[in-house]
Amino acid sequence: MKILAIETSCDDTSSAVVENGTEVLSNIISSQIPIHAKYNGVVPELASRAHIQNVNIVVENALKNAGISFETFSDNIDCISCTYGPGLAGSLLVGVMTAKTLSYIYKKPLIPINHIEGHIFSAAIENKNLKPPFLSVVISGGHTELVIIKDYGKYKFLGGTRDDACGEAFDKAAKILGLAYPGGPIIDKFAKQGNPDAVKFTRPMLKGTWDFSFSGIKTAVLNYSKKADIKNQKIINDICASFQQAVAETVVTKAVAAAKEFSLNSVALGGGVSCNSQIREMFASECKKNKINLFLPSPVFCTDNAAMVAHVAYHKALKKKFYYPSKNVLSIKPSLELENW
Ligand code: KG4
Ligand code: ZN
């Protein structure tokens with residue numbers, strides 16, 4: 001079964017063709033970072049305008065790279081899928097409208113997907129050994145969630161962030177230090193040259209819950225940087241290393257404790273922050289110590305991409321969870337939560 005997927009929940013316009021959930025025939029991602037970088041964050045209005053400009057060419061290239069054209073679409077594509085939430089309303093509208101139009105014209109079933117479910121299962125695209133049950137750790141620009149995955153469509157939410165998402169904390173800390181957007185990859189790079197013990201930032205463990213809170217670490221970076229010489233690259237490197245160490249320890253400690261508490265012997269990461277080199281290394285060593293299997297997506301499947309959407313859509317298709325735009329009303333859901341199906 002070949003699925004054409006479209007992902008436009010935030011600032012990446014992406015389209016992919018994936019066969020049977022795991023064979024990625026194409027996965028085109030058009031990044032809007034140059035547009036948003038000068039504002040140090042995603043500007044929703046500009047994001048939706050850029051999606052409008054990009055979406056046709058991105059879909060066309062995804063088809064082309066999979067050896068398909070609009071002329072051969074009907075014979076080759078079985079289903080169309082799109083992210084319908086959570087995300088920025090104007091951005092979601094572009095992907096959903098494009099998918100609905102294709103579905104309507106080519107009379108193919110439409111499968112709407114929750115963006116978080118895409119991140120949850122992104123490590124399964126390349127690794128057939130990742131099977132439920134497992135603990136999912138979604139750490140992205142918009143989310144920080146620990147979820148027990150009992151099956152595709154069967155979830156138990158354990159905890160999430162009470163304030164800033166993990167990636168948001170990286171981006172805000174970078175902004176405080178005068179670094180470019182998005183801050184995560186830059187902090188990751190500078191941290192490699194710094195001393196992680198230089199500044200002792202707090203580790204907000206929120207004992208007795210599986211929730212996270214990152215705004216305290218961010219404020220600690222702000223307070224420290226007011227007194228520090230942040231024109232000095234060595235000091236920047238040390239702050240980056242100390243901040244990253246505090247975030248990594250918080251996420252890894254809580255996730256490994258949750259896996260042990262619920263007797264889950266597999267942990268899968270997802271979301272942009274799972275690209276972070278120290279978080280990947282710390283998870284690898286703690287999981288090894290605790291005899292937990294760790295599943296890490298390749299960086300291209302960590303950040304927003306349509307292949308992860310197609311992967312989940314395949315599993316929904318197996319359970320015949322279809323929409324037909326001529327019969328059903330599909331709208332965007334910017335605040336969509338994880339739902340069982
Ligand atoms: O999953 P994603 O592409 O978008 C959302 O769904 O939010 O994640 C983007 C986030 C940004 O906050 C970015 O700074 C962060 O992922 N990120 C990283 C790294 N690469 C991307 N954070 C830390 N270290 C990285 N290497
Ligand atoms: Zn995302």
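Author: Start with β4 (residues 79-85), which pairs with β5 in the parallel sense over five bridges. Strands here are DSSP runs of E with at least two residues, helices are runs of H or I with at least four, and both are numbered from the N terminus. Two strands pair if DSSP finds at least two bridges between them.
This is a predicted model: local features need pLDDT of at least 70, side-chain atom pairs count only at pLDDT 80 or more, and totals for chains, interfaces and linings use all residues. Residues are numbered from 1 along each chain as its sequence is written.

Reader: Which residue stands opposite S81?

Author: Look across to β5. There, the residue opposite S81 is I111.

Reader: What is the strand order in the open sheet?

Author: The sheet has five strands, with mixed pairing. Its edge strands, each pairing on one side only, are β3 (23-31) and β5 (110-114).

Reader: At about what angle does helix α12 run to β5?

Author: Helix α12 (residues 307-318) lies across β1, β2 (12-19), β3, β4 and β5, with contact meaning heavy atoms within 4.5 Å. Axes are lines fitted to C-alpha atoms, for helices over the stretch in contact, and angles run from 0 to 180 degrees between N-to-C directions. On that scale, α12 runs to β5 at about 120°.

Reader: In the hairpin of β7 and β8, which residue takes a positive phi?

Author: Strands β7 (residues 144-151) and β8 (residues 154-160) pair in the antiparallel sense over six bridges. D151 has K154 as its bridge partner. Two residues sit between the strands, and the one with a positive phi, near 85°, is G153.

Conventions
Chains are lettered from A and ligands numbered from 1 in the order in which they are written. Side-chain values use heavy atoms; hydrogens and water are left out.
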